[in-house]
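Reader: I am new to this structure. Could you please take me through it?

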Amino acid sequence: MSGPLDFAAIRAEFEVPAEFPADVLAEADRLAADPPLPDHDATDLPLVTIDPPGARDLDQAVHLARTDGGYRVSYAIADVGAFVAPGSALDAEARRRGQTVYCPDGRTPLHPPQLSEGAASLLPGQLRPAALWTIDLDADGEVTAVDLRRARVRSRAQLDYESVGEQLPAELELLPEVGRLLQARARDRGAIELGTPSQEVEPGPDGGWTVVFRGQSAVEGWNAQISLLTGRCAARLMLDGGVGILRTLPPPDPGAVAALRRLAPGLGVAWPDGATPGEVIATLDPARPQHAAFLDAATSLLRGAGYTAFDGEAPAEPGHGGVGGPYAHVTAPLRRLVDRFGTEVCLAVAAGEQPSAEIRAALPELPALMAASDRRTHAVERAVVDLVEATLLADRVGEVFDAVVLDADDDRATVVLRDLAVQGRADGRFEAGEVARVRVDVADPATRTVRFQDAR
């Protein structure tokens, strides 16, 4: 655990925008006071949201129903485009920010809180404008029909992953069934879903902060499949309409796949003939040291993600290697700039129309804006974890810990401590997947640096 830490200094270091300008707040106040509501009434749908505990920026609400031939997925997405017009003060500020930045002591939102946590958020019991996706699936989980339109909706309940667990309420009773079908179809497409635990900073019992590894629960995985399904449908609309912005990732490099396959036997990972990397990865347990090392190496298959805008000719490489097909970001517009524009494109195409000139003009600018925002966000997240890690170990320099070796070269490795969720470089000769003894050599909060030494 650690004492009080200055995360504001990290935000300032990486120039995360802080306060909203006065004209942006005034525009948000005006819109929040009189939210625009579309004519189509879908308030009869018993939609619910499911998010991390305490979330207020609720982008999605879902309802699943059985049909004669399969399933109907109703997915309401916060209609940020109903509030934020191209060329407005809100639009300019959102482009400057790019996305919401989350830190342990709070979030720096993409939009003013009166919208992102108020009038535009799909809070329970509130009448809200939404982009309503209606996606029909057959009994095998394949898409048979897609409808998208603006609608007024009212979420019935705000659920969170911790309280839901696997005892799902009636509103989500089909989620495991649909989620597993979609996961099976993803494996059929060759999708690569690593599912590795992520490092997160949480409050410690002493009032400070600690680092934990947090894996994805089954419910989170199934819920993520609904978002991925919608993103695939969005990409299909864009490609059919000849205009849009895709989230793209090149297919895995054959050399990287071959290297991973060569690594598998030494880490006790079975790779049957004809199996895709995604099929192999789906069988692994990240809690096992050798599997954790293999999954760390498998990140080499998912490099080169970006955004690809097009207007007219479709991109030469429209796919996303992780998803196993074309994919677009449209399900988190309260938190990510590109989703608002993608949604506006899809709404127009679904209505048999062309996106507005303002939307089309913005598309080529979005890849660079999102790339810059991603770099800043990732830098902040890494700096926050590095600071907490260094603070946790600052008084333990010289102590020896058991560690799992994730990767290794001639004279150093990446290791993760078994008793603390701390990851860092270790000097010495190691083998990937082994459990080694390492000594804390450096733990400096001022430079956010942790280094280990082979202690065997």
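This is a predicted model: local features need pLDDT of at least 70, side-chain atom pairs count only at pLDDT 80 or more; totals for chains, interfaces and linings use all residues.

Reader: Which strands close into a barrel, and in what order?

Author: The barrel is closed by 5 strands in the order β15-β16-β17-β19-β18, with mixed pairing. On average, neighbouring strands of this sheet are turned by 50 degrees against each other, direction ignored. Strands (E, at least two residues) and helices (H or I, at least four) are DSSP runs numbered from the N terminus, and two strands pair if DSSP finds at least two bridges between them.

Reader: How many bridges join β18 to β19?

Author: Strands β18 (residues 435–444) and β19 (residues 449–454) run antiparallel and are joined by 6 bridges. Val438 stands opposite Asp454 in β19.

Reader: Which strands does helix α13 touch?

Author: Helix α13 (residues 366–393) packs on the sheet and touches β15, β16, β17, β18 and β19; contact means heavy atoms within 4.5 Å. The direction of α13 makes about 55 degrees with that of β19. Such angles run from 0 to 180 degrees between N-to-C directions, with axes fitted to C-alpha atoms, for helices over the stretch in contact.

Reader: Turning to the hairpin of β6 and β7, which residue takes a positive phi?

Author: Gly141 does, with a phi near 90 degrees, in a hairpin that has 4 residues between the strands. Strands β6 and β7 run antiparallel, joined by 11 bridges, and Ile135 stands opposite Val146 in β7.

Reader: And how many salt bridges does the structure hold?

Author: The structure holds 28 salt bridges, each being a side-chain nitrogen of Lys or Arg within 4 Å of a carboxyl oxygen of Asp or Glu. One of them joins Arg335 and Asp51, whose closest N and O atoms are 3.8 Å apart. Arg335 lies in the loop between β14 and α11 and Asp51 in strand β1, so the pair ties together parts that are 284 residues apart in sequence.

Reader: Is Asp51 buried or exposed?

Author: Asp51 is buried, with a relative accessible area of 3%; buried means under 20%, exposed over 50% and partly exposed in between, using a 1.4 Å probe and protein chains only.

Methods. Residues are numbered from 1 along each chain as its sequence is written. Side-chain values use heavy atoms; hydrogens and water are left out.
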